[in-house]
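Here are my notes on the model you passed along.

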Amino acid sequence: MPTRRQFIRRWLFSCCALSMAGMVPRLILSDALAAEAGDSVLAVRKGSDIPALVRQTIDALGGMKSFVTPGETVVVKPNIGWDRSVEFAANTHPLVVKTMVQLCLEAGAKRVQVFDRTCNDPRRCYVSSGIQQTLDALNDKRVEMSHMDRRAYRDFDIEGGQALERWSFYLPAIEADKLINLPIAKHHSISTLTLGMKNMMGVIGGNRGILHRKIAQSLADINAVVHSDLTLIDATRILVENGPQGGRLEDVEVRNTLIASPQIATADAFAATLFGYQPGEIETIVAGHERGLGEINLSKVRQV
Amino acid sequence: MNIHHNWRRAVQLVSLLAFLWLFLQTEYRGADQLAYPVSLLFRLDPLALLAALFSPGQSPLLSLWPAALLLLLTLIFGRFFCGWLCPLGTVIDLGGAPLRRKASAFAGWPAFKYYLLLALVFAAIGGLQLFGLFDPLSIFLRTLTLTINPLWNFIANGAFNWLYQADIPLVSPLADLIYPFFRDYLLSFQPLLFFLGLLTAIVFLIILALERWQPRFWCRSICPLGALFGLCARHSLLQRTPQTQCPDCALCATQCRMGAQHACPSGGTECIRCLDCLDYCPQQRVSFQFGKPTTVPFNLKRRTLLTASAGGVLLAPLMAAAPVSGRLRNDLIRPPGAVAENEFLQRCIRCGECMKVCIGNALQPDLVQGGVFSLWSPVVVARLGYCEYNCTLCGQVCPTGAIRLLPREEKRQTKIGLAVIDQNRCLPYARGEECLVCEEHCPTGKKAIVFDAKIIEQGNQRLARLQPRVVKDLCIGCGICETRCPVAGQSAIVIVSEGESRAPSWLTDRGY
């Protein structure tokens, strides 16, 4: 039997050991990223039948099987940021999310997680966006639309970060085998547009507001370490004014377009043209390109 | 032998658990309308009914019918609510048990609660409503909301968090297994944090500690709700026999938890129908039957009654004859749908339901922002949480109409204040840094925060910057800009009460 003093000493020792284990880990540029730098592929499809449109767009890129291997855990990250209903074009369209989830399952994903760190109350956003009901209706145990688990944020050092040296990231997004980015194309007053790179702000913790001071480099840092294996931009309807939250039907334009690319900056670059911008005019997209996140000169992109 | 005792305990426990369950349901759960009548406790509360009755303006009297029914039932059965249903009574019975000493013959001051009730009624008629400070149901729910629930969430979340991070074999997987149940049913969606947790806890602990002195001291001597029930129970049809203490036995004087036989010859006003005496009476003489009540005079002193009434009557004008806090400060923000400040304070019974239900944890208990007697009433502290654009929950739970239930469309247009930018601290103004967080979050369809493009000169640099500006006519004061402002500490954009929809014109159009 240990004496009381021994017991306390041992206990303190194990606490120290445990806290050592919790030292800040480091995130580095993924290998996949470096390999990709050469060839940028882009698929753009138009049509009003959303589920069919999602399938056509992904098929153009070689089908879901080229992104998801059977048995993998996949995170599908739509934009569910705002307490707005579907028609206001503030959140990704529920049918885009649903079809993408189905495609992942068809490709053999073991588990598909859907989440976003919202701006308004998360419960309201999940419901108002229509995404929660749509995914619940799938009634599939492999699909998990959950609220952010407040226990699962962890600080990481960012290797080669230009604006950020360390930030808090959401573990399920980092640990997933594949991450599929499903933003909606919207107007945004500082970064001009909010597209795929901006959508990744939904898998980080911390006080996101301060990122706006150096938004372009911050987003490039985040996207360099949290790699989107596939980006599908929902431009079925886009928000052209009063974004990113919207709230007026006058500001919504129906475009019936989907844009997909394994290279996030490439997808963003094309989406910018929907708003009448050249990719080079949007700082975030340029920063993404410079960080190796895809070709943004659309004439050099292989469109399929 | 203890059959009555056990029955009562079972009912007390079920009632307490039912109210706790309603408390846990006092939260947004995926539908705009709450699924259960979560503020039932206060619709049952005759003091809430009195507060609503004595207030100017229209009262939701129809929704308070359970309180009227309760008073009617008290006329028949006596103070059964205190013995069987009152959640504070049950907590006192349970929590006070380890504190109690041997029975003593000290009777307490049963008359005091009647004087207190009288003073409160007269103050309310005069325009100062203080029921909420002493209402046992308010005390119960307020303690639950401001103290116990945050504490419980803090400890439970801390434990789950630690087990998750430490990843201890066997224990951590088990914790992860039960966590979803806790998360979905027992914990708040997000941990709610409140001011005045300590003050609220102290009041509650004092009430519990009084048990050391005497069982149910609070109920015997102070509780104004008990006094109101006592008045109704005086001629109740269900009476205990014997109605006075037996000459050959004094057990009731020490055993009765309310000192009922001791305090008042008739016992009718003090007896809470706990039925314990059916069990402990050695001669088994006690029975409860419908019969003729005795008319033993009330043991209240006329002089004290007059003093209490006069005190109550004078308190209101005394408070009214002071500067209105709204003329001095502009940081008093009430929830959307709150009626005009005077009427609001007369209606609000400080139950804390709105603070529990507030989806953004924006509502906090006031200390003195709205004056001394604004204590525990809800105020919006927008730096901590904002008023969610599409949410109407606080109006749904308010039992007395202090916060009117607004249809969603009306709520979206109700101004609870106005956002004001502090240019000394706002990043684009003060330091020429880029920032748009307030504009990005502004929820009004046509944004109430717009940007002006400015060229600012910093040293010999010329920078093009967007600077935010608030459009007064569009701003509803929801406070999301103040909550989300990335500046450390105090926000660079704050909500002030200027221009709020409910303000009387004399407060806003101050001329000469």
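This is a predicted model: local features need pLDDT of at least 70, side-chain atom pairs count only at pLDDT 80 or more; totals for chains, interfaces and linings use all residues.

Residues are numbered from 1 along each chain as its sequence is written, chains are lettered from A and ligands numbered from 1 in the order in which they are written, and side-chain values use heavy atoms, with hydrogens and water left out.

1. Buried here is under 20% relative accessible area, exposed is over 50%, and partly exposed is in between (1.4 Å probe, protein chains only). A salt bridge needs a side-chain nitrogen of Lys or Arg within 4 Å of a carboxyl oxygen of Asp or Glu.

2. What does the R350(B) side chain reach, then? It gets to the backbone oxygen of F373(B) at 2.3 Å, and the backbone oxygen of L375(B) lies 2.9 Å from one of its polar side-chain atoms. The residue itself is in the loop between α19 (341-347) and α20 (353-357) of chain B; helices (H or I, at least four residues) and strands (E, at least two) are DSSP runs, numbered from the N terminus. Leaving out residues up to four places away in sequence, R350(B) touches, among others, Q129(B), S138(B), R142(B) and W376(B), where contact means heavy atoms within 4.5 Å.

3. The charged end of R142(B) sits over the ring of W376(B), 3.8 Å from its centre. The test for this is NZ of Lys or CZ of Arg within 6 Å of the ring centre and within 35 degrees of the ring normal. Another case involves both chains: R151(A) lies over the face of Y179(B), at 3.6 Å from the ring centre.

4. Y179(B) also belongs to a ring cluster with W152(B), F160(B), F181(B), F182(B) and Y185(B). Over all chains there are 15 aromatic pairs; rings of Phe, Tyr and Trp (its six-membered ring) pair if their centres lie within 6.5 Å, with planes under 30 degrees apart called stacked, over 60 edge-to-face and the rest tilted. F160(B) and Y179(B) are edge-to-face, at 5.0 Å centre to centre and 65° between the planes. F160(B) is in helix α9 (residues 136-166) and Y179(B) in helix α10 (residues 171-186), so this pair ties together parts of chain B that are 19 residues apart in sequence. F160(B) is buried at 8% relative accessibility, and Y179(B) is buried at 4%. F160(B) makes an edge-to-face pair with F182(B) too, at 5.2 Å and 65°.

5. K77(A) and D116(A) meet at 3.0 Å, N to O, linking strand β3 (residues 73-78) to the loop between β4 and α5 of chain A, 39 residues apart. K77(A) is buried at 0% relative accessibility, and D116(A) is buried at 3%.

6. One bridge to check at the chain boundary is R124(A) with D32(B), closest N and O atoms 3.0 Å apart. It crosses from helix α5 of chain A to the loop between α1 (3-25) and α2 (40-43) of chain B. R124(A) is buried at 2%, whereas D32(B) is partly exposed at 29%. Within chain B, a network of salt bridges links R8(B), D93(B), R216(B), R257(B) and D276(B).

7. Last, R117(A), in the loop between β4 (111-114) and α5 (122-128) of chain A. R117(A) is partly exposed, at 24% relative accessible area. Its side chain reaches the backbone oxygen of G206(A) at 3.1 Å, and residues it touches include M148(A), Y153(A) and R208(A), not counting those up to four places away in sequence.

Methods
A polar contact is a pair of N or O atoms within 3.5 Å; within protein, one must be able to donate a hydrogen and the other to accept it, and residues adjacent in sequence count only if both atoms are side-chain atoms.
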